[in-house]
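Student: Before we turn to details, may I go through this model with you by question and answer?

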Amino acid sequence: MRATERGAILRDEACPVCGTAMRERKGRLKLAVNGEEITVPDATHLRCSRCREVVLRVDDARRLRQRALGIYREKYGLLSADEIRSIRERFGLTQASLARLLRLGGNTISRWEAGRNVQTGVMDMVLRMIRDLPGSLEYLKKHVA
Ligand SMILES: [Zn+2]
């Protein structure tokens with residue numbers, strides 16, 4: 001049971017809009033990844049049969065995000081989390097120093113390496129250049145702000 005802002009008590013799986021019992025179903029849901037809408041075809045969620053409100057439980061939301069990141073990674077043929085870590089380690093960079101070279105926020109690389117977020121296609125290409133093009137890392141180091 002949970003209380004709404006107005007103080008009414010709802011059953012756990014009652015629609016927050018109209019109070020009807022919601023049903024679990026699988027269907028298409030969209031989630032933004034790096035600013036792009038990604039459609040997950042079979043996302044588990046609760047849906048109100050009366051007003052069509054959709055509610056995600058915490059686990060539903062986590063799975064939806066993981067699926068969306070996977071679809072995005074596959075769509076652009078991105079390096080995996082492990083591949084990013086191995087490139088960074090090969091060049092003796094910390095997560096923070098690689099983030100600085102790429103002008104990214106301090107936690108970005110750890111989020112990529114943990115699979116909690118995914119790099120854009122442009123950043124993927126820069127990582128491949130560091131890996132494959134000798135001199136790229138030195139070039140970035142020369143231009144770091
Ligand atoms: Zn409803």
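Predicted model: local features only at pLDDT ≥ 70, side-chain atom pairs only at ≥ 80, totals over all residues.

Student: What radius of gyration does the protein have, beside that of a compact globule of 145 residues?

Tutor: The C-alpha atoms fill a box of roughly 60 × 30 × 20 Å along the principal axes. Of the 145 residues, 15% count as buried. A compact globule of 145 residues would have a radius of gyration near 15 Å, whereas the protein has 21 Å.

Student: What distance separates the centres of domain 1 and domain 2?

Tutor: The division places residues 21-75 in domain 1 and residues 81-143 in domain 2. Taken over C-alpha atoms, the centres of the two domains are separated by 29 Å.

Student: Which residue in the turn between β3 and β4 has a positive phi?

Tutor: Strands β3 and β4 run antiparallel and are joined by eleven bridges. Methionine 22 stands opposite cysteine 48 in β4. The two strands form a hairpin with two residues between them, and the turn residue with a positive phi, about 50°, is asparagine 34.

Student: How far apart are the end C-alpha atoms of helix α1?

Tutor: Helix α1 covers residues 58-75, which is 18 residues. At 1.5 Å a residue, the helix should therefore span 26 Å. The model agrees with this expectation, as the end C-alpha atoms are apart by 26 Å.

Student: Why do the buried residues of α1 lie on the same side of the helix?

Tutor: The buried residues in α1 are Ala68, Leu69 and Tyr72. An α-helix has 3.6 residues a turn, so residues three or four places apart point the same way.

Student: Which strands do the buried residues of α1 pack against?

Tutor: The residues concerned are Ala68, Leu69 and Tyr72, which are buried in α1. Their packing partners are β3 (22-33) and β4 (36-48).

Student: Which glycine just after α1 takes a positive phi?

Tutor: Helix α1 comprises residues 58-75. Just after α1, a positive phi of about 55° is taken by glycine 77.

Conventions: Residues numbered from 1 in each chain as written. Helix = DSSP H or I, 4+ residues; strand = E, 2+ residues; numbered from the N terminus. Expected span 1.5 Å × (residues − 1). Buried ≥ 20, exposed ≤ 12 C-beta atoms within 10 Å, placed from the backbone. Contact = placed C-beta atoms within 7 Å. Domains from an automatic or database assignment. Rg over C-alpha atoms; globule rule 2.2 N^0.38 Å. Pairing = 2+ DSSP bridges.
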